[in-house]
2 protein chains.
Amino acid sequence: MRRYDDACGTAHALELLGDRWALLILRELMLGARRFSQLRADLPGLSANVLTQRLGELESRGLLLHRTLPPPASVPVYELTPWGYETEPITQAMGRWAARSPHHDASLRISGVSLLLSFRTMLDRQRAKGIDAEVGFRFGDDVYRGHLTPSLFAISQGAPDDAQLVFIGSPMALGAAVHGGVPISKLEKAGALTVIGDRKLAQRFTTLFPLPEKLPT
Amino acid sequence: MRRYDDACGTAHALELLGDRWALLILRELMLGARRFSQLRADLPGLSANVLTQRLGELESRGLLLHRTLPPPASVPVYELTPWGYETEPITQAMGRWAARSPHHDASLRISGVSLLLSFRTMLDRQRAKGIDAEVGFRFGDDVYRGHLTPSLFAISQGAPDDAQLVFIGSPMALGAAVHGGVPISKLEKAGALTVIGDRKLAQRFTTLFPLPEKLPT
DNA sequence: CGGCATCCGGGAAGATACTG
DNA sequence: CAGTATCTTCCCGGATGCCG
């Protein structure tokens, strides 16, 4: 490993997760275990050998585990350790800071996990006052449930037991609605997004995660 | 620039400041403008050409400015832009997280800026209850003043007007007292640290910035 | 399908020496 | 003092092939 030889915690953090792609791999695992092929699909620019290398390093450093799901699944997955999950504040601080960048291009592709994490990061507690909702998300085969309250947006993998609201579509379509201000009706007409359940709640949902003001170019 | 082609804010942040040494350079500028040679001294493993390259990139990205101090100084310095200063939460999140690492080696060298920033990051508001103190720090030629209150530790370059307390010595010696639990008296006997002013306050000062509990190896 | 090994090209990082 | 110039090394990324 390349070292900084610096007692500062920031330097040590960079030694542990400063390699290219490392933090993005952690981000994709932030909502639960995922498979090698899922990670490849989430991070298209990342080649298999580098992914293998990163996963090995992060495992040896104690940030994630390589385990096999219990039968009948019995497939290998990668999952963060508790300490790995504790990197979320780092991811969030970066996301919050970069959202103000004049060069940030929101039209690029985004993964389902990234989008849901951005909601968690940007939740506006004032605007969410009084809310208590179970929301489902279906991004192709990836399904998530979120429990939204004014103080917290708890997300996990899997279909919700009974959601007031379910979004179906690509992460980019939902991102356009929430972060891009595109009306839901327009996305539905274009066939990019489907909303099931409480449409009024869906409308409100799109306003709960405002991005910070951008800097002048 | 190497891109991730990802709309996620974290990815964009990594494009802007994910290059090796970049975040550590920002850290060293976090308490005010510094010169090229100071940065080299603060980051011994960083060679001049890489430093030149990083400074140029960070300037073109809008995180810092290369300007000349007004006469009679008239020397070139590098200084963060307001947006550059806004990276401190990232630095702090990393430092806080890495402090729990089983592999963190606090015996390595640390810069004055790093140490003072670690105080700001780790300030325990409970323990600091009722405090309101002006503290000076002298690390060789680098002099800082800090205004400490229960909610904030404001730091700037330069000698304090009237400090109740001044620490004189190397950053590592002060770090040993605050983060390492080494008694001030012992450091003074060893000639590593000098305390001027309110010694009782100095004693209390060393308890205000507790590190989080480490993970088992 | 889910990796790991290997080879290769390009480019970034590191060490050292040098210049205005 | 504040950077350049040059050279070497190593990491990253892509492709391919192997093996369970």
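I count a contact when heavy atoms come within 4.5 Å. With that cut-off, 45 residues of chain B are in contact with 45 residues of chain A.

Ground rules before going on. I am looking at a predicted model, where local features need pLDDT of at least 70, side-chain atom pairs count only at pLDDT 80 or more, and totals for chains, interfaces and linings use all residues. Residues are numbered from 1 along each chain as its sequence is written, chains are lettered from A and ligands numbered from 1 in the order in which they are written, and side-chain values use heavy atoms, with hydrogens and water left out.

**Entry: the interface**

I looked up the buried area, meaning the accessible area (1.4 Å probe) that two parts lose on being put together, summed over both. Between chain B and chain A it is about 4300 Å², with carbon and sulfur atoms giving 68%. Which three residues supply more of chain B's share than any other three? They are Tyr4(B), Trp83(B) and Trp97(B), with 19% of the area that chain B buries against chain A.

Asp6(B) sits in the segment before α1 of chain B, while Arg27(A) is in helix α2 (residues 22–28) of chain A. For naming, helices (H or I, at least four residues) and strands (E, at least two) are DSSP runs, numbered from the N terminus.

For polar contacts I take pairs of N or O atoms within 3.5 Å; within protein, one must be able to donate a hydrogen and the other to accept it, and residues adjacent in sequence count only if both atoms are side-chain atoms. The count between chain B and chain A is 20 residue pairs, both at pLDDT 80 or more. On the side of chain B that touches chain A, the elements giving two or more residues are α1 (9–17), α2 (22–28) and α6 (88–98) of chain B.

**Entry: the sheet in chain A**

Strands pair here if DSSP finds at least two bridges between them. I find five strands in an open, mixed sheet, ordered β5-β4-β3-β6-β7 in chain A. β5 (152–157) and β7 (193–197) of chain A are at the edges with a single partner strand each, so one side of each has no neighbour in the sheet. β4 (residues 142–149) of chain A runs antiparallel to β5(A), joined by six bridges. Within that pairing, Arg145(A) has Ser156(A) as its bridge partner.

For angles I use axes fitted to C-alpha atoms, for helices over the stretch in contact, and values from 0 to 180 degrees between N-to-C directions. Helix α7 (residues 112–122) of chain A lies across β3 (133–139), β4 and β5 of chain A, at about 160° to β5(A). Helix α8 (residues 171–178) of chain A touches β3, β6 (165–169) and β7 of chain A, at about 135° to β3(A).

Most residues other than glycine have a negative phi, and most peptide bonds are trans. Asp5(A) is not a glycine, yet its phi is positive, about 50°. The bond from Pro71(B) to Pro72(B) is cis, with omega near 5°. Pro72(B) lies in the loop between β1 (64–68) and β2 (76–80) of chain B.
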